[in-house]
Amino acid sequence: MLFPLLAFIIQALLGKKAISGNIALTAILASTIISLFGVFLPVWNETTVLKKWEWFTIGEHTLYVGILVNNLTALMQLVVCIIALPVHIYSRAYMKGDSGIHRYWMYLSLFCFAMLGLTVSLNLLQLYIFWELVGFASYLLIGFWFTKETAVQANKKAFLINRIGDIGFLIGVALVYAHCGTLDLSALFGQTGTFFKGVDIGIIPALDKNTSWVTFAGLAFFLGAMAKSAQFPLHIWLPDAMEGPTSVSSLIHAATMVAAGVFLLCTVFPLFNETVLLVITIIGTITALSAALFALGQYDIKKVLAFSTISQLGFMIVGVGIGAWDAAMFHLTTHAFFKCLLFLCAGAVIHEMAHLKTKIQLDFDPQDLRNMGGLRRFMPKTYTCMVIASLSLAGFPFTSGYLSKDSIVITTYEWANHLGGAYVLIPVVLIIVSLLTAFYIGRIIFKTFFGSFKYRTYIKADMTFHEASKTMLIPMFVLAAGSLFPFFGPSPADYHRSWIMLILDTDSTYPSLAQAHVFIPALLTAGAVLMWLIGWNWYIKQKYPLSENNILVRFANKQGYLNEFNERIFVKGTVELSRILYAFDRHVVDGLTKLFSWFIRRFSVIVYWFDKHIVDGLVNLFAHATYYIGHLVRHVQNGQLQAYLGFALTIVVLGILYLLIK
Amino acid sequence: MITLTHFLVVSACIFCIGLYAVLAKRNTIMILVGIELMINAAILNFVAFGKYDKINYGGQVFALFAIVLAAAAVAVGLAIILNVYRHFKTINPENIHELKD
Amino acid sequence: MGLLSILIFLPLVATLLILALPSSAKATYKYVALGFTFLQFGLSLYLYGNFDATLGGIQQLDAYQFVEQLAWIRMDLGAIGKLEIDYLIGVDGISLPLIVLSTLVMLMGVGASWNIDKSPKGYFALLMILNTAVMGIFSALDFFLFYVFYEIMLLPLYFLIGIWGGERREYAAIKFFIYTLLGSVLMLLVIVGLYFSVINPATGAHTFNMLHMMNPANYVDGSFFAYIANYHEVFGIPARLIGFIVLFFAFAIKVPIVPLHTWLPDAHVEAPTPVSIILAGILLKIGGYGIIRVCYSIFPDIAADTNWWLALIGVISILYGALNALAQKDLKRMIAYSSVSHMGFVLLGIASLTAEGVSGAIFQMVSHGFLSAALFFLVGVLYDRVHDRYIYNFRGLASLTPKYTAYVAIAFFASLGLPGFSAFIGEAFVIIGAFNAESMATGVPRWMAIGGSIGILLSAAYFLWTLQRMFFGQTRLKGGLAWQEALTDLNTREQVILFPALALALLLGIMPSLIFSNLNASVIQLIDLIKPYL
Amino acid sequence: MNVSIPNILDQIIASIPLFKPELALIIGFIVCIFMALFIERRWKNSTFIGCVVTLAFSLYYLIDQLSTTGTGFSGMWLVDPLSTYARLVIICSTLIIAIFLQQRHSKNNGDVYSILLAATLGMHVLSSTSNWLMAFIGIEMVSIASYILVGYFSQNKVQSEATMKYVLFGSVCAAVMLYGLSLVYGLTGNLDFQSAAHLQGLMDAPEAIVTLALLFVFTGIGFKLSFVPFHVWSPDVYQGAPTAITAFLSTIPKVGAIVLFARLYQSWSSTAFYFSELSTWFIIVVAVVTMLIGNLAALRQQDVKRMMAYSSIGHTGLLLMVVFAYQDAFSYLLFYVVAYVIMNLATFIFIDQIEQETGSTSLLSYAGLGKKMPLLFTAFTLVAVSLIGIPPTVGFVAKLLVFTSTFSIFQSSGDTGPLLLLIVGALTAVISLFFYFKIPLYAFLRNSDQPITDKKQVSVLLIIAYILTVLVILLGIFPNWLMEKVS
């Protein structure tokens with residue numbers, strides 16, 4: 001874990017000279033190996049390792065720093081490492097020749113250090129520290145191209161919104177500390193911790209979870225998580241964060257950092273009581289839905305992915321909310337792989353597009369879907385990876401996404417079924433969302449790799465629009481492998497058998513429904529396939545001569561009216577809806593923040609005016625008043641002798657009179 | 001028979017006249033005269049009271065000293081008024097106000 | 001002559017030396033000053049190293065360290081009795097960190113005033129006198145002595161601001177002076193009152209000894225500031241309350257709290273860079289120190305009653321200062337207001353009356369000490385180059401002066417409370433303490449803590465905004481090419497001055513125990529002193 | 001009882017020793033007159049030397065009088081530590097003034113010294129008597145002498161006008177006081193204000209008359225101390241008079257007067273009778289108003305001497321506070337007086353020095369002088385600091401002592417009067433900062449347009465002033481050097 005820190009320091013010292021990024025690479029490699037063999041394997045499903053050193057004593061309490069490695073953290077940090085490694089490799093090619101490359105590696109190492117630290121922190125304060133450091137690193141990386149106005153805006157926004165979350169987190173920490181007198185995670189949330197068993201170690205004897213402060217603390221923590229993993233309405237920073245380099249987006253804003261929120265929730269899970277959990281679930285659902293809808297309307301490939309990330313995070317949050325945080329972690333892991341992969345692929349594409357752009361002095365946005373198309377033939381490998389990833393995202397069988405997503409949806413369904421009533425809405429929404437997911441990801445695939453390439457005319461024999469370089473491809477392959485089911489479990493269908501679920505298994509309070517296990521996956525898969533087909537037809541059919549693909553033609557003919565129907569009612573409708581909603585998001589939710597910040601600035605100006613003219617004004621007024629009295633006093637001194645005498649004697653006489661009549 | 005009261009009344013009158021002269025007269029000499037009157041009023045008092053102070057004639061003694069001092073003061077005063085006149089060519093206090101805020 | 005006295009009077013020697021040197025030796029003044037401050041710094045570090053962290057201090061003398069006590073003034077005032085004033089100095093866990101801080105900041109200050117060319121003799125002499133006064137304040141345990149140093153401190157500052165300052169320096173200087181004097185003359189009255197209320201148990205005579213004043217047993221029954229038993233009232237207000245308020249007022253001006261802060265921006269903006277450094281780095285701390293050492297220790301009962309209001313004032317200062325900082329267009333003014341905001345945390349922490357809060361507050365004082373010093377120094381660097389501080393006149397400095405930008409960014413992030421830097425520890429523990437206050441039943445409600453944490457958000461806002469406005473984006477300067485020429489990157493001297501401060505910020509952020517360990521005993525004792533009255 | 005002449009003579013002879021210093025002064029006075037008349041022409045400065053010698057003699061006699069206490073001349077003359085120390089202060093400061101005069105007005109100044117001696121004699125009388133007759137004589141001596149001193153060098157309009165105002169105002173006040181005294185005498189039949197008979201007489205007398213009498217009496221003293229409302233003359237006179245004389249006026253007469261007033265107040269306020277509380281209230285009100293008006297009016301002044309006039313009015317307020325707090329121990333009364341004298345003498349010497357340099361006493365002309373005469377202005381600033389009452393200067397200690405004593409009274413009595421005094425005293429210190437710091441403000445902060453002509457001037461006066469400044473600091477840090485002496 002400390003390797004990246006070393007790397008960071010070394011590179012910081014080397015400054016401009018550290019261009020290659022070898023240091024960072026070796027460091028992350030080392031830490032990956034260690035985390036796999038040194039940490040993960042021994043700890044996984046074994047006793048938790050806990051090392052602590054005294055940090056400082058304040059008042060009667062002593063705070064410790066240290067490492068806490070249990071199943072959860074071990075898994076998390078493994079994921080981080082395994083994702084980080086390929087991204088590093090990828091970046092070597094992707095970022096080649098950038099002027100600030102040394103900073104890039106520096107920041108990246110810093111991030112890895114912070115992220116790993118976050119995963120294995122011993123106490124909440126330590127966790128908080130790394131939590132903010134992660135945010136800081138992402139701030140740096142988003143604003144990596146600091147001459148770009150939008151980038152700077154974006155990173156400021158990201159940091160500030162994260163700050164809101166951080167404050168929530170801090171308040172939570174403070175509350176816990178105030179009531180339990182300790183911040184040690186194992187002491188608080190461990191098997192024997194305060195919250196888990198309600199054992200008395202704090203100021204208050206036996207801990208009643210339904211006290212108001214617990215709720216409050218829970219909400220505070222959740223606020224932190226919301227900001228970090230971009231939950232509605234604090235999600236607005238994530239799309240903007242795409243201003244950073246794509247590799248960064250893939251690592252930080254898709255795979256790891258944004259998942260930290262979920263990780264936090266899983267860590268402090270015992271703290272939550274019903275109220276909080278319900279809030280979490282609802283927020284998660286809203287996020288999932290809204291984000292998925294926004295994703296439909298996007299043309300910027302990275303933005304689509306960003307929104308899809310948000311919606312997936314929504315899934316995880318829901319997972320936590322319903323108490324199945326094992327499922328959430330599972331989905332987190334799988335999602336890390338395929339979403340990272342998606343980004344890398346997108347990155348590759350964008351990379352090429354950018355190259356092309358520079359070659360053929362044409363001004364177009366290399367990230368715009370509308371400018372792409374038919375790239376399948378130019379970059380087949382990328383295409384394959386991307387397809388795998390998208391399938392996984394869409395939750396097709398034999399992919400990891402299938403397992404994890406099903407796990408969440410099914411559990412939710414069981415949960416809702418257990419509670420009944422309006423709760424059923426939630427799984428339904430989730431299902432719809434996953435369908436939408438399938439649709440928009442399909443849309444990306446088709447728009448990018450099928451159809452005719454807009455600028456094909458420019459690609460002459462001499463200038464080849466070629467496949468991404470090896471260094472970029474290898475990581476992609478690795479991740480592609482990672483997003484297939486065998487990596488996670490023996491069975492392609494049953495998520496219960498995946499090793500993550502087996503170990504992290506939480507005892508669910510509600511009965512599992514057999515039929516759900518059959519019916520929901522089927523529904524999902526079917527829906528996904530349907531979506532893809534619709535997408536296929538809708539995006540390909542208009543553009544390709546019928547002769548191209550007979551099966552399709554037939555299918556299309558049969559389903560013609562259906563297509564029409566879909567097109568008119570469903571697809572168009574949805575797309576419109578998504579447009580509207582996106583506009584809403586842009587102008588209302590984000591607008592609100594803008595408005596808020598504007599308001600704050602205005603307000604601050606007013607306050608300053610107040611300060612300058614009222615507060616300070618009073619001071620000066622007082623001074624001048626004194627000065628003026630001094631002026632008045634001088635009126636006596638008019639130089640007239642007799643006036644003087646008159647004055648003096650009059651006073652005497654007045655005095656006498658006063659004393660006589662009093 | 002003239003009682004103490006008469007003396008007091010008279011001296012009070014003289015004092016007031018003197019005071020009036022000091023405050024109202026537009027001539028420095030007259031102011032000096034006013035001062036003299038006030039002092040004399042006091043002296044008159046002293047003498048009058050002194051009549052009842054058989055022990056050590058404090059009143060009379062005081063009166064004598066007062067007369068002497070008054071004389072000295074007035075002498076100085078006159079000299080200075082002369083000096084003022086040299087510079088201002090007037091002894092009307094109203095026109096003498098170089099020094100003021 | 002103990003180490004502490006040496007520490008105090010070393011600068012005075014420097015002053016004499018400087019005055020003795022002929023003006024032909026202009027160039028040597030700064031070296032003299034530097035040498036002596038450096039010596040002082042080393043000495044203070046030595047003291048810090050040999051400090052016994054287990055001893056508390058606060059109200060019992062034997063728990064103080066490096067104590068020196070000499071009979072200073074003995075006057076027979078007949079009916080009033082004998083006036084006995086001691087030269088009594090010593091340090092405990094609260095004052096020592098601040099002493100070390102002061103020596104460090106002084107060092108920075110001298111370094112920052114390297115190219116002062118306007119009558120350097122007077123300048124450095126005054127600086128050294130100021131230095132003496134500050135050391136004295138932090139180590140005096142006799143109220144009279146304390147007051148003397150407290151007042152001596154004003155004079156050099158007046159001239160430093162007034163002679164070497166900016167355009168409106170006269171206004172700023174006199175404003176600063178009047179404000180502080182107003183506080184201190186009223187303080188004098190309370191001191192006299194305390195003098196009459198307290199007797200030295202040993203000699204039975206009235207005394208100015210602070211430690212005696214902290215012990216309820218020493219109060220004469222029926223005396224003006226006697227404890228709740230047979231207490232005086234003035235206009236229906238308990239005398240002790242009045243005394244507390246007056247003292248608090250005096251120190252609050254220094255802190256400064258809203259609405260007594262208006263001298264600060266003017267003073268800072270007009271003062272030359274080194275003076276701003278010292279002003280922000282040391283003098284503001286004197287306010288906080290005074291509140292702890294004097295108000296809280298001598299009037300624990302009132303402290304326990306009034307901490308709600310103090311906390312409120314603290315929160316108001318935090319938010320108010322932050323909002324003002326957000327509105328500033330002048331960089332230096334912005335930082336000045338940020339100081340107001342950050343010192344608000346100190347007040348909040350002290351008022352929380354929890355070990356966490358108070359320690360956090362003191363930690364915050366220390367960290368704000370050198371962080372604000374660094375910030376002002378950075379502003380000074382910019383100002384030296386182009387004689388302009390107007391935020392909107394700069395754009396995209398990052399690509400022009402990378403090193404400078406790096407330092408600024410670090411300083412900004414450090415002082416907006418990024419974990420890993422000292423400010424975070426301070427603020428976090430102030431907040432934690434404020435939250436803890438409710439469980440400790442010290443009467444500081446939670447919403448105040450939340451208000452404080454909003455301050456953290458705002459501070460992030462104005463720092464980042466400034467960063468974005470001035471340093472990022474395409475380079476665009478008001479002065480055009482001329483400025484581009486002028487804006488050279490940091491030179492070695494500047495880096496030498498800046499690096500330690502920021503390094504220290506990082507170090508303390510990672511190992512707060514460096515301070516907490518020495519602090520803790522004293523803080524606990526302070527809390528125990530006040531607890532009975534809660 | 002009707003004492004026989006021999007007894008009286010014996011008594012007079014017996015009390016001669018108590019009168020030695022004054023005798024010395026008287027002799028010196030006469031001698032000086034003759035010297036000024038005859039010797040001065042041939043031998044310059046002879047009178048000055050005569051004066052100094054006289055002062056030295058009387059100083060000598062004073063010093064061996066230090067321990068003795070007693071009354072002479074049938075109770076008209078009383079010698080106690082208070083009077084002795086007061087006279088010491090007077091003699092010493094007169095010495096400085098004499099040197100001052102000698103330095104500044106070396107031509108045809110023979111008579112000045114004799115007059116100075118006369119004034120000193122008057123002061124001695126004031127400071128060591130409890131008898132109205134003596135007091136009046138003393139006041140008149142001082143007054144007349146000061147009239148002459150002010151007028152002596154008058155060459156221009158301003159000076160003569162100042163003199164005239166001084167004379168007339170003074171004489172009127174004296175006359176009023178005399179009238180008051182006559183009434184007091186009438187009511188009590190006794191001239192010794194400390195005697196029981198005197199107090200008894202006042203108690204029996206009708207309130208109206210007593211009130212009238214007291215206020216009239218205070219008028220005279222008020223003129224000498226120049227507290228409100230009898231302060232109006234002082235700014236004009238201070239500004240108009242030559243600086244040396246201003247220095248004299250602002251310090252020495254006040255010493256004598258304040259001692260007399262202290263005695264008077266102590267004896268009168270000790271009874272539980274209406275005029276005691278009347279005088280208490282009188283003193284409180286007057287002190288407060290004087291402090292306020294003095295400091296406020298000084299804010300606007302542009303002429304240093306005039307400003308100092310107001311400042312000394314303000315200090316009079318504090319002196320009244322001292323008198324108010326004056327209990328059995330007079331040490332801090334003396335301390336304050338000494339501090340006050342030192343500070344004022346130093347100030348006026350500096351002012352005069354600068355006047356010699358620039359030929360002006362207006363603040364504006366000080367602009368940028370700090371660079372020309374750094375040492376002088378540093379010292380000047382220190383004195384100003386002391387006048388404000390900021391440590392580590394003697395002014396601060398003095399003020400602290402005043403506050404201390406006043407506070408002790410407040411604590412014991414608990415009524416708001418003393419508290420008011422304390423608060424006003426504190427606040428006026430802040431106000432006074434404004435105008436005292438105009439001096440360094442102009443000298444150091446402002447820049448002068450005229451070129452810097454650096455000429456090193458070292459005169460006896462300056463050296464004295466610097467010594468005084470050092471004293472200001474030293475006594476500020478180690479006040480007990482002085483206190484051990486006086487208590």
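## Helix 15 against helix 17 in chain A

In this predicted model, the axes of helix 15 of chain A and helix 17 (residues 400–419) of chain A come within 9 Å and cross at roughly 150°. That makes helix 15 of chain A roughly antiparallel to helix 17 of chain A (angles over 145 degrees count as such). Their crossing is left-handed. Axes are lines fitted to C-alpha atoms over the stretch in contact, with angles from 0 to 180 degrees between N-to-C directions. Helices are DSSP runs of H or I, at least four residues, numbered from the N terminus.

Contacts need C-beta atoms, placed from the backbone, within 7 Å. On helix 15 of chain A, the residues involved include Phe330(A), His331(A) and Phe337(A). The helix 17 side includes Leu403(A), Lys405(A) and Ile408(A).

## The nonpolar core

The largest nonpolar core holds 684 residues. Such a core joins buried Ala, Val, Leu, Ile, Met, Phe, Trp, Tyr and Cys through C-beta atoms within 7 Å; buried means 20 or more other C-beta atoms within 10 Å of a residue's own. Val262(A), Cys340(A), Leu341(A) and Tyr336(D) touch the most other members. Helix 15 (residues 325–359) of chain A gives the most to this core, with 21 residues.

Leaving aside residues up to four places away in sequence, Cys340(A) touches Ile83(A), Val87(A) and Leu479(A), among others.

## Chain B

Chain B has 3 helices and 0 strands. Of its 101 residues, 43% count as buried. The C-alpha trace spans about 50 × 25 × 25 Å along its principal axes.

## Conventions

Residues are numbered from 1 along each chain as its sequence is written, and chains are lettered from A and ligands numbered from 1 in the order written. Local features need pLDDT of at least 70 and side-chain atom pairs 80 or more, while totals for chains, interfaces and linings use all residues.

How values were computed
Buried ≥ 20, exposed ≤ 12 C-beta atoms within 10 Å, placed from the backbone. Helix = DSSP H or I, 4+ residues; strand = E, 2+ residues; numbered from the N terminus. Contact = placed C-beta atoms within 7 Å. Parallel < 35°, antiparallel > 145°, perpendicular 65-115°, else oblique. Left-handed = near helix turned anticlockwise from the far one by under 90°.
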